Amino acid sequence: MTDPAPSAVRIDLPHGQQVTHRDVAANGARFHIAELGDGPLVLLLHGFPQFWWTWRHQLVALADAGYRAVAMDLRGVGGSDRTPRGYDPANLALDVTGVVRSLGEPDAALVGHDLGGYLAWTAAAMRPKLVRRLAVVSMPHPRRWRAAMLRDARQTAASSYIWGFQRPWIPERQLAADDGELVGRLIREWSGPRPPEDEAVATYRRAMCIPSTAHCSIEPYRWLVRSLARPDGVQFYRRMKRPVRVPTLHLHGSLDPVTRTRSAAGSGEYVEAPYRWRLFDGLGHFPHEEDPTAFSTELINWLKDPEPDR
């Protein structure tokens with residue numbers, strides 16, 4: 001198979017529904033976004049090993065509920081720029097807040113899954129005026145993540161793929177080998193009893209095979225591990241002591257094999273605002289895809305609540 005072109009990620013939603021694809025400039029790079037609807041901005045941040053399309057169900061649900069739903073491709077993934085550097089979480093979070101500004105909005109509700117959730121936590125702490133609300137899926141607060149990786153043997157084992165990413169070049173080749181076969185295997189292994197449909201998995205496999213995507217997808221995880229004892233990492237985690245001061249919804253699948261429930265629970269200690277923990281029984285690492293109706297209902301009801309948990 002020849003390498004897929006970047007156009008492989010500028011696709012329509014299921015059932016022929018169309019989104020608006022365009023590029024926006026932010027933080028010295030160009031970012032691809034998929035947009036649907038009008039109203040208050042909800043910015044959706046994908047995780048690994050995916051791209052904006054993971055939010056295909058939520059884009060429709062949010063637009064129907066009266067929101068301007070925008071899903072962006074993170075730096076190095078999908079249709080966004082693949083830069084040689086800039087994959088530390090502080091810079092990636094500035095990508096996110098820069099996109100909010102480039103969209104002409106005063107702020108956004110951030111919804112992030114996996115790595116996107118890590119960046120959403122970070123953006124809310126670093127640029128609180130640009131974050132109206134925060135919803136995080138399958139990812140603990142950065143300081144909880146660091147503690148779990150260092151002190152919890154079960155979480156360390158569950159995150160074995162992250163440790164494997166520390167090798168040079170080999171992980172990139174493995175991700176892109178056999179038309180992205182490893183991507184499909186990871187998605188199925190990390191899901192609960194209702195994994196994403198085969199067509200969706202094939203879409204993620206094609207996206208990972210776009211040249212340089214595998215390398216750029218791995219770089220944030222290399223920083224996360226290598227920085228644990230480095231001065232830049234120590235400084236970053238010190239900055240993350242700054243509390244989140246916006247209403248926060250924390251969503252997690254009870255069967256998530258990648259991020260243990262014990263690791264994620266307790267992140268509310270870093271939130272000085274209304275905080276809601278919601279555990280989806282019987283779902284794995286991708287609750288927004290495994291049960292999109294339940295997920296979207298929970299998210300939208302919380303977004304529309306004028307005073308959540310007060």
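Q: Where is Trp 169 in this thing?
A: In this predicted model, Trp 169 sits in the loop between helix 6 (160-164) and helix 7.

Q: Buried or exposed, that Trp 169?
A: Exposed: the relative accessibility of Trp 169 is 54%, and the cut-off for exposed is over 50%.

Q: What does Trp 169 touch, leaving out residues up to four places away in sequence?
A: Trp 169 touches His 215 and Arg 222.

Q: How far apart are Trp 169 and His 215, in sequence and in space?
A: They are 46 residues apart in sequence, and their C-alpha atoms are 7.7 Å apart.

Q: His 215 belongs to helix 9. How do helix 7 and helix 9 cross?
A: The axes of helix 7 (residues 170-190) and helix 9 (residues 213-226) come within 9 Å, and the crossing angle is roughly 135 degrees. The two helices are therefore oblique to each other. The crossing is right-handed.

Q: Which residues make that contact between helix 7 and helix 9?
A: From helix 7, Pro 171, Glu 172 and Leu 175; from helix 9, Ala 214, His 215, Ile 218 and Arg 222. By class, the contact has 4 nonpolar residues, 1 polar and 2 charged. His 215 and Arg 222 are also the residues that Trp 169 touches, leaving out those up to four places away in sequence.

Q: Which rings are clustered with Phe 48?
A: Ring pairs link Phe 48 with Tyr 161, Phe 165, Trp 190 and Tyr 221 into a cluster.

Q: How many aromatic pairs are there in the structure?
A: The structure holds 17. One of the pairs is Phe 51 with Tyr 204: their ring centres are 5.9 Å apart and the planes stand at 80 degrees, so the pair is edge-to-face.

Q: Which parts does the Phe 51 and Tyr 204 pair tie together?
A: Phe 51 is in the loop between strand 3 (41-45) and helix 1, while Tyr 204 is in helix 8 (residues 198-208), so the pair ties together parts 153 residues apart in sequence.

Q: Buried or exposed, those two, Phe 51 and Tyr 204?
A: Phe 51 and Tyr 204 are both buried.

Q: What kind of pair do Phe 236 and Tyr 237 form?
A: An edge-to-face pair, 5.1 Å centre to centre with 75 degrees between the planes. Phe 236 is buried, at 4% relative accessible area. Tyr 237 counts as buried as well, at 2% relative accessibility.

Q: Back to helices. How do helix 1 and helix 13 pack?
A: Helix 1 (residues 56-64) and helix 13 (residues 292-304) pack at about 40 degrees, with axes 10 Å apart. That makes helix 1 oblique to helix 13. Helix 1 passes helix 13 in a right-handed crossing.

Q: Who makes the contact between helix 1 and helix 13?
A: His 57, Gln 58, Ala 61 and Leu 62 on helix 1; Pro 292, Phe 295, Ser 296, Leu 299, Ile 300 and Leu 303 on helix 13. They divide into 7 nonpolar and 3 polar, with no charged residues.

Q: Last one: what angle do helix 2 and helix 3 pack at?
A: About 80 degrees, with the axes of helix 2 (residues 89-102) and helix 3 (residues 115-126) 8 Å apart. Helix 2 and helix 3 are therefore roughly perpendicular to each other.

Q: Which residues are in that contact of helix 2 with helix 3?
A: Helix 2 contributes Pro 89, Ala 90, Leu 92, Ala 93, Leu 94 and Thr 97, and helix 3 contributes Tyr 118, Leu 119, Thr 122, Ala 123 and Met 126.

Terms used
Residues numbered from 1 in each chain as written. Predicted model: local features only at pLDDT ≥ 70, side-chain atom pairs only at ≥ 80, totals over all residues. Heavy atoms only, no water. Axes fitted to C-alpha atoms, helices over the stretch in contact; angles between N-to-C directions. Helix = DSSP H or I, 4+ residues; strand = E, 2+ residues; numbered from the N terminus. Parallel < 35°, antiparallel > 145°, perpendicular 65-115°, else oblique. Left-handed = near helix turned anticlockwise from the far one by under 90°. Contact = heavy atoms within 4.5 Å. Nonpolar A, V, L, I, M, F, W, Y, C, P; charged D, E, K, R; others polar. Phe/Tyr/Trp six-rings, centres within 6.5 Å; stacked < 30°, edge-to-face > 60°. Buried < 20%, exposed > 50% of the residue type's maximum accessible area, 1.4 Å probe, protein only.
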